[in-house]
Amino acid sequence: MSAVQHTRFASPVTLLREWAERGDRQALHEALFVGFTVDLPFLERVAVPVARGLGARTAVIGDAAQGLHDPVDVRMAGRSYLHGLATCRGAFHPKVVLLVGEHACRLAVGSGNPTLSGWGANDELWTVVETEDDDSHALLADLADWLDELPSAVSMAPWSAAHLAELAALLTERHVNAPAGPEAGPRLLHNLRQSLLEQLPLGPVDELHAYAPFIDEAGHALRALVDRMVPGRVTLGLQPRWSSYDAGSVRAALGGTAAQIRLLDETRMRHGKFIEWQTGGRRYALTGSANLTRAALGSSTRDGGNCELAVFSADTLPLLPDEGRTAPLASLTGRTIRPFTSTGDALVLLGAKTDSEGLHVSLARSRPVPVAVSTSPDGSPGSWTEIGSISPGASACSFPQPEVPGAAVRATCVRPDGSTVESAVVFVYSPVHCAGRHGADSGPRLRYDYTAQALFADERAARRFETDLLRLRELTAGTSTPRPRVSPATGTATASVAVSAVDRWDAYVADCRRMIGAPLTDLAFGTLQMGLPQAPSSRWVVSAVTGNSAAEDDEAYETYEDEAEDEEPFTANVPVAPHIPPDQRVHCRTWIRRWVGTLADPAPAPHPDAPPATRVSLPVRLVVANLYVQLLAAGVWDEHDQTWREGLSDLLEALGSDEEPGEPGEPEQQTPPETRRRLDAVAAVVMTLLGQDATFTGGGEHDVLAAHAWQRAKSMIARADPAQAEDLMIPPEQALARVAPWTEVERLIARAQEDDPLTEVVEELSASGWEASYEDGLWEITGSFGNAVPVVTRAADRLGRHHPNGVLVRARSRNRWAFVAWAAPHLVLLNPPARVWRTYQVRPPATPESRFSGGDLSAVPGRVGNPAPLPKGPPEALRKILAEVGLPYPELIRRLFAEDV
């Protein structure tokens, strides 16, 4: 076990980033995030991908009534991690982050919710435990006991309870097998059976300090705290505008004591809660999630209070800041209590799980009337379908048809007064999809971990990087770029039975982190570009042998309504160009040009029978593109030095090499769509820079270079979403900076789309509420519709006008889909669940759309021959189209059925 230096802990994200950058590359097995208010889209940006990329089984547990997300913004819940809900008569209010690896462990217990404010803007208090080499700590054993007991005191879905029980068993086993440690030190306190106040020592004490952003309206907790500890002096911290309190109640609670008020600075919200006292020359502290309220401090969970978690520490550093004006108690005036609106007779849906036996849903408590259950592919309006109901008096139900992992589920019922009550949305959890991934790790990789700062400032690091690139290129010659380890025959991951699109992306990023390191992976894909605030110079620290932490910076803050914590929007940091000293600029220009040359020149084949030569893997190309854009923004090239253009042109060609069909070594598996979106956006930024001070129709040297690059990259740019490369749109703050502003990138994308005839087709389909995407020969149409046949034939009709040699199209809505291969006059249809090919002749004036608009295949004329079972191979018309597209028949079948549950 090692002590944590608080100066490097800005938020729980720090723990994840540091784990990703461990020198021993230790896999992460478990990640648990617990809070009151939970912001799932935020976690899906900064935490879940990192944890999943490190191999962890991941769970997020929050109060059932406090989700901040809109269901349509959540894309990974249930498919990549367990989103569990908990409820009790009070608030489910603990804040915990737990990371468990093969031999190491990290635990943070504190005050910050897993939200942008809680992890990135507020002043929070954390106690952090770090263990290594299979060691343990008493706090981990205490946490295991709490996790084991928690489901008996709060309501949660059975699978959530089982997940916590497994974590408890893991921590207990590790603690039992670890070498004996000191018994003294910080300990975990909870209030499942006994109030936190009853677990504090009896007074008298010399001095008592306390702060929490919320003080109950009647001041019961303050009065009870003073009565128990009998302090000689009391100092209560308040932020007059942001703390929630009633001045009269505070004066009454502290009356009869030598009390004063510390009016704290309000540049940012102080959300850390603490009680600290001195006696006998020693200082003690209680930190964690509990506000100064009766529900938090004075009641147990079983008696109707909140569910709270705290750390009791001795010999701590002072927690109450010295800053701010001290005022007499009698001078305190005002009332900032916000009225609390009860949720009343809420219908609480705790979760939904899918497995081979069907879909299982769980309510917090039963209802005397039937409870209707509806599902939606994404939670969007108009996409909900009722699948059945939970019987009166029952709190759980199973439906025989499995649901797609990650689908949205909600419950509704009718109250006695005739009004309707609706639950919050939950997401279908698949234990298979959310399982951790751990396996052999023997693929090629860079020998060293690099950062952009080191490559720009250290010539030795730059030289090692080039050598590493050449070595990596040779090792990956004839192989694919990093892929999720999925069997092409079965579509299953090595560590699980099935793999979803989101899991495929997680696995891809994990492989990239293994191959090129976490910092360069973040550069390649723009991940963690949100840039959480760094720890400020003024900190609140829990000083303990287990480590300590600091609060976060910036301006977002939370307000409170009787324990209800409302999150304010927070703006991500703007990307900043690196500072390159003048004496380093020549070296940077030289090295970036050599790195681009490494990308542009294919690696030689290792032997005559080897597959054709390949370029450096895509993540490395994206890294070099990021570094090039940063150097342009840093003003590394002089005003009259235009040599950067040729390098940028070569870089764009290297990025576009994946546009060529049939890239060696890649016929069996597709790059995740997230990678394609990132690649297209980066290409748009690079082309924007190359097109500055040049035209695509002129005859000058720069014009010709830009025009040739434009012709090569135009199709990529037409697909680009500028938001996917926002981290590369750097403000022009350096002299001689070359940057790509958002407006210029958008303008270039619009120009590319105008030149792309397929853009109109995609926009037409989008206007109907469908999303069209193209990858490796197959068009995918997704949306919400009942019968997929009219949709897929309409799309094939439109797209076929621009694919004269044939087009392959699939339309999918939830678990319904249909596939068409169309090259006039033959149309081949696959309409599951029937696994047979049907071939039709469609001659003018008929079209695929007009012929199949009714959706009833029995009424469609023009069928040729009898239906052909899939195992017999493709019909002749389909075989010709597949040959034109370059897609093998087994690969088509694998891709069509890969997403089936």
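## Basis of the description

A polar contact is taken here as a pair of N or O atoms within 3.5 Å, where, within protein, one atom must be able to donate a hydrogen and the other to accept it, and where residues adjacent in sequence count only if both atoms are side-chain atoms. The model is predicted, and local features need pLDDT of at least 70, side-chain atom pairs count only at pLDDT 80 or more, and totals for chains, interfaces and linings use all residues. Residues are numbered from 1 along each chain as its sequence is written, and side-chain values use heavy atoms, with hydrogens and water left out.

## Asp641

The side chains of Asp641 and Thr643 are joined by a polar contact of 2.6 Å. Asp641 lies in the loop between α15 (618-633) and α16 (644-655), helices being DSSP runs of H or I of at least four residues and strands runs of E of at least two, numbered from the N terminus. With a relative accessible area of 19%, Asp641 is buried (under 20%; exposed is over 50% and partly exposed in between, with a 1.4 Å probe and protein chains only).

## Nonpolar cores

A nonpolar core is a set of buried Ala, Val, Leu, Ile, Met, Phe, Trp, Tyr and Cys residues joined through side-chain atoms within 4.5 Å. The largest has 73 residues, of which Phe465, Trp595, Leu627, Leu651 and Met687 touch the most other members; α15 gives the most to this core, with eleven residues. A second, separate core of 60 residues includes Ala59, Val154, Ala352 and Val428.

## Thr87

Thr87 belongs to strand β3 (residues 82-87) and, at 18% relative accessibility, counts as buried. Leaving aside residues up to four places away in sequence, Thr87 touches Ala64, Val154, Ser155, Val348, Leu350 and Ala364, contact meaning heavy atoms within 4.5 Å.
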